[in-house]
Every structure is written in C-alpha cells, then in structure tokens.
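Please look over the sequence and the structure below before reading on.

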Amino acid sequence: MSSSSSSSSPSCPKKMITLKSSDGETFEIEEIAALQSKTLESMIDENCASTPVPLPNITGKILAKVVEYCTKHAEVGADAESLRAWDAEFVSVDHPTLFDYILAANFLEIPTLLNLACQSVADMVKGKTPDEIHKIFNIKSTFTPEEEEELRRENQWAFD
Amino acid sequence: MWNNLPLDILAKIFSFLSTESLARANSACRHWHRCGRGYLLSTGSALTWKHPPWFVAVPIRSLSACCYVHNPNSDNWHALPIDFLPDPVRLISPIGGGLILLRSTNTTVHQLALCNPFTRQYKRLPKLNISRTNPATGIVMLDPSRGASAPAFRVYVAGGMSDAPRSCGTYESTLEAYDSVHERWRIITLMPVEFAVRLTVWTPNESVCCDGVLYWMTSARAYSIMGFEIGTNKWHELSVPLADRLEFAALIRQNGRLTLVGGTCGGAVSMWELGEGEVWSLVEETPCELGLKLLGRKANWGSTKCVGTDGVICLYRDLGSGMVVWREMKDKGRWEWFWVEGCCSVRGKKVQNFPIRAVLLHPNLAPSHFPD
C-alpha cells in the first residue's frame, strides 16, 4: 500500500541533513529548517547534502545555535509576538558570539538571522558618541588630528 | 574583532542606522568612515519607509550661514553649515542620491547648481543655451544607468525673459533641457508666447512630473496648471478646483498621481488628486486646529508653502512657525496628522525666524562622484 505523496503521511520520518563544524562536531537539522540557509538550500537541490556537510568556518558552539535558530523559525504556527521575543533573547549574547552569528549567517546566507544580528549591532551604535563607540566595540580611532578636525566640521551637526 | 568586519556586512549594519547615527558612526574609525561614506543610501521603497525623508530648509532673501534640517526620527532640528556654497541660493527640488537642484540668487540670469548639504558638495550646471531670467524649471528623474554613482535626471527650463543683448526684455519662447548623462543643454521646442508669459511671471520654480507630463502651477489671479508632455512636446492646460478662491496652491506628487494642495479664505487646506479623465477628487483636509496653528496670527494662507513626496506632505511658512505634517504610517496602514514645532533654537542658541524655502530629502552621507 503506497501513498501518493509521502510528505502527507504523518508516520513518514522527517528528512534530516547533517552538518559538521570546524571542530568536528556533527549536528542534525531537519531539511525544512535547513532551507532557510540559501547555501544549504542549493546544496540540497543539487543533492550534495546526503553526507555530512563540512562547515570549516563555523565552530560547534555557534553551529548549535544556528541550528536552534533555523529549527525555531521553521516551526509552523508560532505567533509573531512570541517569535520576536525569542529572537530578542537569542541575540542577547556577548559581542564575540554576536560577531560569530553574523559571520555564520553571512556564510550560510540566512537573511533573517543576518538581519536580526545586524539590527542588534546597529541598536548598539544608535545614539552613541564616537568615544562611546570606541569603548563598546573596542576599536581605536585611526584618524590623524587633521582628519579628526575635518570630520568634526562635517558631522558636527549630528552632535547637537 | 569589529575592525575586521567585511565592508558589505558593516554596510548592512549601517543600513539600519538613521542619518544622525550614521554620521556619528562615520566618525569612529577609518574603516567605519570608509564604509559609511561609500555606502550610498538606497532610495528603494523598503529603505524609504525605514528612513523617512528629512525637511531641509534654506532661508530666502538673506545670506545664511546654515541650512536647517528637521530629523523626523528624533523630531529635532539641526543646523548644517552651508559656507561651502559660493553664492546665496534658492532650493528647487531634490534629484535623488541626496542631491538638491538649486539656483544661485546673486544673479538674475538663471544659473542652476547641485548640492548635498551633508557631504558639502556643490557643482554648477553649465550655462543655458539661451540666457534668461525667471523661467519655469522642471525636473524629470531618469532610470539610473548601470554602475552609475550619481542619479540620472533631466532639467527642463521653459520661458523666462531673454537676457540676450538684442532681444533683452522679450519673453523667451524656447524650452531647453539639460541631460545629466551628457552634461549639456539642448533646445527642445518652442512654445506659444502667451504660455511663455505665464511661465515667466506667474510660475514659481517647482514642478511635478507624472506619467511623462511636467506640470507647473501658475498663479495669474486664478490658479491654473500648465502641462508639458515630454514625449510629444505638446502643451495643455488644466483647470484647478476653487481656482479663484485659493489663497495658496502647490503641486506635489503623491501615490504616483498629481496632487494639488491649496488653502481657501477662512477655510482649511485641502488636497485634491487628479484622476482619470483629468477629474480632481478631494482626498483630504487639514484638521481645523492644526490649520489654525499654522496660520498663527496671519489672516490668510498667502505665505504658506507645501512640499510632499510619497508618504509625507508638509505645510510650512517660516523657520519658526512650525509645520503641519501628514504622514503615512505604514505599520499602522493609515495616514496621520502631526504638528512639528518650528526651529527657534539650535544647540541652545536662538535662531532668527526667516522665511524659508524647503525640500524633502533623503540624506546621503556618501559623496557623489561628479565627473570632472
């Protein structure tokens, strides 16, 4: 007895693919969740995802979270409000982790995660003076005094 | 760590920043500065909603050291120095890419230029083929060519009084167009002299382009509209609702349609949209209390001006008089009326109340590349 469409049968096991992090850990993710990554989607389309997919630029710690994100966002019937709250929780992490989320989302081409993480960084920049930005992001001002003076003239209006 | 973000990702982060935050981020370090200035703020619809346009005003009839801009996100006024302008100017219209078309006011002969008050860039357009004073000016945006970093546009100049030695004092019947791609003026067509007269004497500079027709409002006692069809070089006239009762009238483009904004004596300010068959339909009226607030102690609407673009319409008078704003709240799916306080002081220093001329501009902190 065969059903015409295997995806409509509830007893059919979900299709999974395996991802392998840079430090050798493997993670299983439902194909449906993996489709949120354009990179993984094209691999699935070209039948390259039947063996573990090596991801040499993503560590196990980050990959675990990325899988968690994609799985959550592939859930049906989640209401927008609670998903937003979940997202906010997801990006309440230290800077190195947030930075790694951005690089991972960029590499795997997950637009929703990339936007979420970038918006989070943008929120940290909003309303801050350059000095505060230096402190928060631990970056050095690399301008010469003359350049600083010219910048001040150009952007002074924004500090009113 | 953050120093090493690839430029395209940093640019994505910056795309979430409003203009004043971006200006601060630009000042953080060289890498961020390069990114912020190289990243051209797109005028695509998604970003337009995220970043509504700013109200940019220049005092008229006086040489001002600053232009005054209103930030819609923070409801704050800022003063931007315009000491980089070689001449006093009057704003005409934004042309995309953060640039404004304006004309020099230290000469009666029509001399146009482009400027971006945020990047402090200024560029004069070449002289017209036929020198004239007080013509009507119209702008048409063109689809940008591939890989172009400056917006593509055409400027149309019609009518005016001739400044040529032999024909000085006569009305100029030619219409010329400037092409930003080829950077030169071309005489396009002639028009009937009576149109040239109306476009010279009764027409302020602003025009609206809709569906390939350039429209100008002319105010010869009763208001009327002149339309120039670009593809066919044909002129026609449009009547205006309440034409002889309007105390001020302005044309704007809203929703892709020609929209007329005008105020009647003792009444409100109304907006009409031009629909099929050249029929005007009333779209909206200012709420009574906001209209009265804008009028202040004035008896009539005469000195009121209007600027509008998709999603926002502003009624204003002087720098300090405040504005009535009608804005589309996309997340609420409707339009709302606001009052915006005028600019009376910046950084604690009192600002004189000038009459102003304004445009709505999407600020661009990335310099345009003008070919030499």
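Two strands pair if DSSP finds at least two bridges between them, where strands (E, at least two residues) and helices (H or I, at least four) are DSSP runs numbered from the N terminus. This is a predicted model, in which local features need pLDDT of at least 70 and side-chain atom pairs count only at pLDDT 80 or more, while totals for chains, interfaces and linings use all residues. Residues are numbered from 1 along each chain as its sequence is written, chains are lettered from A and ligands numbered from 1 in the order in which they are written, and side-chain values use heavy atoms, with hydrogens and water left out.

**A sheet in chain B**

- In chain B, four strands make up an open sheet with antiparallel pairing, and their order is S14-S15-S16-S17.
- Strand S14 (207-210) and strand S17 (234-239) of chain B are the edge strands, each of which pairs on one side only.
- Strand S16 (residues 224-229) of chain B is joined to S17(B) by six bridges in the antiparallel sense, and B:Ser224 has B:Ser239 in S17(B) as its bridge partner.

**A helix in chain A**

- Helix H5 (residues 95-108) of chain A has 14 residues and spans 20 Å from its first C-alpha to its last, close to the 20 Å expected at 1.5 Å a residue, where the expected span is 1.5 Å times one less than the number of residues.
- The buried residues of H5(A) include A:Leu98, A:Phe99, A:Tyr101 and A:Ile102; buried means under 20% relative accessible area, exposed over 50% and partly exposed in between (1.4 Å probe, protein chains only).
- These buried residues pack against helices H2 (38-45), H3 (60-74), H4 (80-90) and H6 (111-125) of chain A, together with helix H1 (7-15) of chain B, and contact means heavy atoms within 4.5 Å.
- Just after H5(A), A:Glu109 has a positive phi of about 55°.

**Aromatic rings**

- Over all chains, a search of the whole structure finds 19 aromatic pairs; rings of Phe, Tyr and Trp (its six-membered ring) pair if their centres lie within 6.5 Å, and planes under 30 degrees apart count as stacked, over 60 as edge-to-face and the rest as tilted.
- A:Tyr69 and A:Trp86 form a tilted pair, 6.3 Å centre to centre with 45° between the planes, and this pair links helix H3 of chain A to helix H4 of chain A, 17 residues apart.
- The rings of B:Trp326 and B:Trp337 have centres 5.4 Å apart and planes at 25°, so this pair is stacked.
- B:Tyr156, B:Phe195, B:Trp216, B:Phe228 and B:Trp235 form one aromatic cluster.
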